[in-house]
Every structure is written in C-alpha cells, then in structure tokens.
Amino acid sequence: PAKNSIHIQTDGARIKRITIMDITGKTVSAYANNGASGMDLSVSGLPAGVYFMDVETKSGTFRTRFMKE
C-alpha cells in the first residue's frame, strides 16, 4: 500500500497523462507529463482506500489498481 507517493515506470513508452480514480470511477487526480517514461506521484492528500490509475501513452492506456494507507 502507498502512503505518500507512487512511482510509475513504463517499459520505455512515454507517459502522456495519468488519471487517478476512486472506487466509484470518479477522477480524484490527473497529471500531465512532459513525455518521460517515469513519474513520481504524490498521493498523500488522498483518503485511505482503493484507487484505479490510468496511464496513457502513445501505445494506449493501461489501468492498474493501488491501495492508499
């Protein structure tokens, strides 16, 4: 589970945008990226719970899930 931050790293694909949604699908955070293949995201302001994260790259959008303590 994450407490303060999450590190996102792709296999070389450039990240365009990351969207974090709560369990109901509501967007709670969105981050634009300058094209790097990795990012550190602060999640310290989110309440504890389960979240989904969409990572958008040129190759497509990938969804993952994480827990916030």
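**Reading the labels on a six-strand chain**

User: Where is the place of Ala30?

Analyst: Ala30 sits in strand β3, a strand being a DSSP run of E with at least two residues, numbered from the N terminus. The model is predicted, so local features need pLDDT of at least 70 and side-chain atom pairs count only at pLDDT 80 or more, while totals for chains, interfaces and linings use all residues. Residues are numbered from 1 along each chain as its sequence is written, and side-chain values use heavy atoms, with hydrogens and water left out.

User: Why is Ala30 called partly exposed?

Analyst: Buried means under 20% relative accessible area, exposed means over 50%, and partly exposed lies in between (1.4 Å probe, protein chains only). Ala30 has 40% relative accessibility, so it counts as partly exposed.

User: Why does Ser29 get the label buried?

Analyst: Ser29 is found in strand β3, residues 27-32. Its relative accessible area is 17%, so Ser29 is buried.

User: What do Ser29 and Ala30 touch?

Analyst: A contact means heavy atoms within 4.5 Å. Leaving out residues up to four places away in sequence, Ser29 touches Ile18, Thr19, Ile20 and Leu46. With that exclusion, Ala30 touches Arg17, Ile18 and Thr19.

User: Is Ser37 buried or exposed, and where does it lie?

Analyst: Ser37 lies in the loop between β3 and β4, the latter being residues 38-42. Because its relative accessible area is 17%, Ser37 is buried. Residues up to four places away not being counted, Ser37 touches Ile8, Gln9, Thr10, Gly12, Ala13, Arg14 and Ile15.

User: How many salt bridges does the structure hold, and what about Glu69 and Lys3?

Analyst: The structure holds two salt bridges. Glu69 forms one with Lys3, with the closest N and O atoms 3.8 Å apart. This pair links distant parts of the chain: Glu69 is in the segment after β6 (60-68) and Lys3 in the segment before β1 (5-9), 66 residues apart. Glu69 is partly exposed at 47%, and Lys3 is exposed at 53%.

User: How many helices and strands does the protein chain have, and why is it called as compact as a globular protein of its length?

Analyst: The protein chain has zero helices and six strands, a helix being a DSSP run of H or I with at least four residues. The radius of gyration is 11 Å, close to the 11 Å that the globule rule gives for 69 residues, so the chain is as compact as a globular protein of that length. The radius is taken over C-alpha atoms, and the rule is 2.2 Å times the number of residues to the power 0.38. Along its principal axes the C-alpha trace spans about 30 × 20 × 15 Å.

User: What share of the protein chain's residues is buried?

Analyst: Buried residues make up 36% of the 69.

Definitions and conventions. Salt bridge = Lys/Arg side-chain N within 4 Å of Asp/Glu carboxyl O.
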